[in-house]
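This report concerns ring contacts, charges over rings and model confidence. Please have the sequence and the coordinates open while reading.

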Amino acid sequence: MEINLHYYHIMHFLYFASIYTKRQFMANFKLIYQKFLNLANAVEELSEFPTLDPVEQKMLALLSKYWSGKQKITVVEAMHMTSEISTSTIFRYLKKLRQKGYIELVVDELDNRVKYVSPTPMTDSYFSKMGKLLLKATS
C-alpha cells in the first residue's frame, strides 16, 4: 500500500497557492512548502491536538473534500473513498479518528442503520490552524 505522506499538506497548499501568480508561485514553491512543513512539524510537536499519523492525515484530507462541499458522507461511502487503503483499514482508522475526537458519527434521522461521518469542532480548529500556518509560510 503506497500512501503519499504529504497529500494532506499539498492539498491545502495548492488551495492557497491560487493567491500567487503562476510565476511567483513556481519560483517560491520549494521554499514555501519547506517552510510550511517546518511550521507544521513544530505545531504537531507542541500541539493541543491529538497526534495524527500519515494515514489519519490522509483520511481527514479525503473526508474534508466532502465536508468542504457541504456534502454528507456515510461510513460505508467513507470506506470506499480510496482504493489505496482497504475498507477494513479505513474502518479501523475511522474508529481511531473518532476516539481522538476528530470525527463523530451522526445517525440518519430516517434510517437508524445509516451513520454519517462528520467533523467535530476540534477538526475545524485543526484545519483552521493548519490554514494559518500555510498563510504564514507564504508570507
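The text below takes up confidence, then aromatic pairs, then lysines.

This is a predicted model, in which local features need pLDDT of at least 70 and side-chain atom pairs count only at pLDDT 80 or more, while totals for chains, interfaces and linings use all residues. Residues are numbered from 1 along each chain as its sequence is written, and side-chain values use heavy atoms, with hydrogens and water left out.

**Confidence**

The mean pLDDT (the predictor's confidence in each residue, from 0 to 100) of the protein is 80, and 76% of the residues reach at least 70. Helices (H or I, at least four residues) and strands (E, at least two) are DSSP runs, numbered from the N terminus. Among the elements, strand S2 (residues 115-119) has the highest mean pLDDT, 96, and helix H1 (residues 7-17) the lowest, 57. Over residues 1-6 pLDDT stays under 50; the model has 12 contacts (heavy atoms within 4.5 Å) beyond four places in sequence for this stretch.

**Aromatic pairs**

Rings of Phe, Tyr and Trp (its six-membered ring) pair if their centres lie within 6.5 Å; planes under 30 degrees apart count as stacked, over 60 as edge-to-face and the rest as tilted.

| Pair | Centre to centre | Angle between planes | Class |
|---|---|---|---|
| Phe49 and Tyr126 | 5.5 Å | 85° | edge-to-face |
| Tyr126 and Phe127 | 6.1 Å | 50° | tilted |

Phenylalanine 49 belongs to the loop between helix H2 (22-46) and helix H3 (54-68), and tyrosine 126 to helix H6 (residues 121-138), so their pair ties together parts 77 residues apart in sequence. Ring pairs join Phe49, Tyr102, Tyr126 and Phe127 into a cluster.

Buried means under 20% relative accessible area, exposed over 50% and partly exposed in between (1.4 Å probe, protein chains only). Phenylalanine 49 is buried. Tyrosine 126 also counts as buried, at 5% relative accessibility, as does phenylalanine 127 at 17%.

**Lysines**

A charge sits over a ring if NZ of Lys or CZ of Arg is within 6 Å of the ring centre and within 35 degrees of the ring normal. The charged end of lysine 72 sits over the ring of tyrosine 116, 4.9 Å from its centre. Lysine 96 lies over the face of tyrosine 93, 4.5 Å from the ring centre.

Lysine 70 is in the loop between H3 and helix H4 (75-79). Its phi is near 60°, a positive value in a residue other than glycine. With a relative accessible area of 77%, lysine 70 is exposed.
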